[in-house]
Amino acid sequence: MKNEKLTRKEIIDNRLKQAGWNVTDRTQVIEEFDIHLTVVEEPTTPYAGHQYSDYVLLGKDGKPLAVVEAKKTSVDAALGREQAKQYCYNIKQIQGVDLPFCFYTNGHDIYFWDLDNYPPKKVYGFPTLDDLERYAYIRKARKQLAGELINTKIAGRNYQIASIRAVMEAVEKRKRKFLLVMATGTGKTRTCIALVDALMRAGWAERVLFLVDRIALRDQTLEAFKEHLPNEPRWPKQGEKEIATDRRIYVSTYPTMLNIIRNEEKSLSPHFFDLIVVDESHRSIYNTYQEILDYFNTITLGLTATPTDVIDHNTFQLFECEDGVPTFAYSYEEAVNHIPPFLSNFQVMKIKTKFQDEGINKRTISLEDQQKLMLEGKEIEEINYEGTEIEKKVINRGTNALIVREFMEESIKDANGVLPGKTIFFCISKAHARRVEEIFDSLYPEYKGELAKVLVSEDPRVYGKGGLLDQFVSNDMPRIAISVDMLDTGIDVRELVNLVFAKPVYSYTKFWQMIGRGTRLLEPEKIKPWCTQKDNFLILDCWDNFEYFKLNPRGKELKGQVPLPVRLFGVRLEKIEEAQTQSNVGIVNKEVQKIRKQVESLPKNSVVIMEAKHELQRLEDENFWSNLTSDKMEFLKAVVKPLLRTVSDVDFKAMRFEKDIVEVSLAHLAGETEKFETLKESIIEEIGELPLSINIVAREQELIRQAQSNHYWATIDEDKFEELIQKLSPLMKFREAVIPLAPAKFNLKDIVAEKEFVEFGPQHEALSVAKYRELVEKKINELVSSSPILQKLKQGQEITTDEAEQLAEELHNEHPHITIDLLRKVYNHRKAALVQFIKHILGIEQLETFAETVTKAFDDFVSKHSYLTSRQLQFLDLLKNFVLEKGDVSKRNLIESPFTMLHPEGIRGIFNQKEIDEILSLTEKVLAA
């Protein structure tokens, strides 16, 4: 283990150099920085009254910016914590400078302490001079977020303002991680942009990274930033590959950013960003890319549309939230039930065919089809498939044709009532999608192949201006996009009115993302001729998905796979143990060299590897490898083996073959004959799939031929195993996969076994109310032709009080239940006169419901007071619901329950007098409406 001097020279100096600091240049770094203390008594030694900081990093003005306290590698870095802190405060006091930033390290572990602001945090590198200057500027210039206004032109809905305020309040409380749960379509990106705007204006953030999981979402996010914050420079520009350091907004996919931080030639500083936003923060992303979040020293905001009750424990833990309690949540139900709604509701129609329900067999195939099959020479007895095997082991055109016909009959149509509105068909496979497209073309030839189109990610015709996706979004045709995975998430088409689940879905997160494609409402200023109205959308569920998720709310849990490099390392360790048991030193030495090579391939810049650097020091000692005792083997298994998961830049096909050979060689060494034979057969099969028509493969023709003979394997030894690895594993990338047996294909007549609307999601309006409104509207429209008073209203003329009374009598005679009290109840308007209801029904003027009037007034109030705190917004929400429920509110109510739940003094403890007056004026206004 290195002492402090060696640690500093060999490790810390080097790590400072990586961050751009020249330790030998005293205008940048001063080693053994002398801090003169004020000492009252006579000094007894030359060092009395002095403290010596290991390193002080200087700013451009020559003043101390940061203190670095060094400890030797063998001790905990935290031993330098109090010392470093003391040096920082003494430098500030004695030199009259701003408080320096505090670092303490043992070479491997570096801790950063922003004193007076945040607790210490482990970081993965020192900041550059620019980073420290930026940190110092932010610390000095940032304003209080409580008074910072939110740009309501970017995000002006009440829940968007409340979510931004919740994050800003948590930032001021020095929290580092936040989680927003917002239903698809509620404007997560816009909310984020408004938050970024507020943090930048308040001086809390200069550089922001937005992480997404697909290139299409990256481009969509860049466009959104361009629209709402046009003056903030963004990365990447069109065609830009290299990371640029002069922008403010960075949008990247996870793999791109992972490659950037692992790049040893041109790495990005761990202190480069001030805020990271993680889109779709669910477990699958963190399993793979948590390294990015660990690497950067920033505050982090997670966004997800997954409902709170199914977000897993790990996600809440990652964002330092209690289980089930995100920083802010706004659900699909809240958005749908808002008045007016922010998202579209949906109806679900379940369609199940006879074959899906009972399978394809002699019992379910019609007699007519059985005769046809016999004429084709097929044995009816041999046809026996489960319903779940359709589109996997068996393809039946009749089932797909039935689903298409049912869709055309039941779908929500355009304004002409002929063609279905915009629709996504979710299919099982690309072949399934093509078959569905072909059925649309053959059943509806009059649309000349334009009605339905397949959109799959590998088709270059899908992308760009005028591409298939652009046609689907911007043109009348195609009406139906047939998709396999590509349109499950991320696509934003407000005009979507039908979703067809022609496939089973097992992930609840993905299921809700798919439903989210249809939840957006139309924008009144951007109405398209093929969709002039959207009250709700229809889901045709052909695979019982809703039933599945009622029974399995969390869906199917996917089992994690052990990465291939980890498995290869593990098999080699097993082989070493077996060779040690047999005292076969030659094999032990050979395998030790191999695992050492694997260890050397670990990415040095990976956070996971940096984290384990202290433990990995053991492997640098040659003596470690000379005699692998059981405790050393345990160390390799428990500590080193899991680190191999970070290896990504390798030929995995070659590695898989190498792993198979090591496995078979282990079985050979251990004398496990049965296992050896099984593994041997599968390896012979792999070798047999190498295409000799490729020159580089043909060069090894002789070995390929021999390796498929029994004689070769009967005389196999370690040299031959090694030869197979060296010569054939690099060729495995050319291997031709054997085409699996094609599924059985039929065209049998299928029939609907089950068709029904199912209840799912927010509650629908009570049928009796809807029916009454229908009755009233029908009666009034019927009376127009015979009633001169109604004709007068229809022509836009006003009527007298006497005429109004006469009209009321006419309506009562027509139907005794058409009364003003009932109309007020059904149309939810407490004060409207009969004439106003009739004008509303005849479409002459729009009558707002009491709920619409109240909600609109409160939303406007919140939008104009975007500085309100989370608690104040909570109070207003409670007040709005109180008014809607009770239909009244007095001053006294505001200092009683339920308002005293937020503060013992009710409104007085939450708002100042000016704000209270404004709120009282607001309630008077809505109650007078």
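For the cut-offs, buried is under 20% relative accessible area, exposed is over 50%, and partly exposed is in between, with a 1.4 Å probe and protein chains only. Arg 174 sits in the loop between H4 and E7, and its phi is near 70 degrees, a positive value in a residue other than glycine. As for those labels, helices (H or I, at least four residues) and strands (E, at least two) are DSSP runs, numbered from the N terminus.

Quick word on what we're looking at. This is a predicted model, where local features need pLDDT of at least 70 and side-chain atom pairs count only at pLDDT 80 or more, while totals for chains, interfaces and linings use all residues. Residues are numbered from 1 along each chain as its sequence is written, and side-chain values use heavy atoms, with hydrogens and water left out.

Glu 320 also has a positive phi, about 50 degrees, and it is not a glycine. You'll find Glu 320 in the loop between helix H9 (313-318) and E13. With a relative accessible area of 46%, Glu 320 is partly exposed.

Now the whole thing. The protein has 37 helices and 24 strands, and 51% of its 929 residues count as buried. Its C-alpha atoms fill a box of roughly 105 × 100 × 45 Å along the principal axes.

On to a sheet. Which order do its seven strands take? This open sheet goes E9-E10-E8-E11-E12-E7-E13, with parallel pairing. Strand E9 (234-235) and strand E13 (328-330) are at the edges with a single partner strand each, so one side of each has no neighbour in the sheet. E9 runs parallel to strand E10 (residues 249-253), joined by two bridges, and two strands pair if DSSP finds at least two bridges between them. Trp 235 stands opposite Tyr 250 in E10. Helix H4 (residues 158-172) packs on this sheet and touches strand E7 (177-182), strand E12 (299-304) and E13. Contact means heavy atoms within 4.5 Å.

Next, strand E20 (residues 480-483). Is it covered on one face or both? Both: Ile 480 and Ile 482 on one side, and Ala 481 and Ser 483 on the other, are all buried. In a regular strand, side chains alternate between the two faces of the sheet. E20 pairs in the parallel sense with strand E18 (residues 422-426) over four bridges, and Phe 426 has Ser 483 as its bridge partner. Strand E19 (residues 452-455) also pairs with E20 in the parallel sense, over four bridges. In the loop between helix H15 (468-474) and E20 we have Pro 478, joined to Met 477 by a cis peptide bond, with omega about 0 degrees.

Last stop, two helices. Helix H36 (residues 870-886) and helix H37 (residues 913-928) pack at about 25 degrees, with axes 12 Å apart. That makes H36 roughly parallel to H37. Axes are lines fitted to C-alpha atoms, for helices over the stretch in contact, and angles run from 0 to 180 degrees between N-to-C directions. Angles under 35 degrees count as roughly parallel, over 145 as roughly antiparallel, 65 to 115 as roughly perpendicular, and the rest as oblique. Residues of H36 that meet H37 include Leu 876 and Leu 879, and among those on the H37 side is Ile 919. The loop between H36 and H37 holds Pro 898, and a cis peptide bond joins Ser 897 to Pro 898, with omega about 10 degrees.
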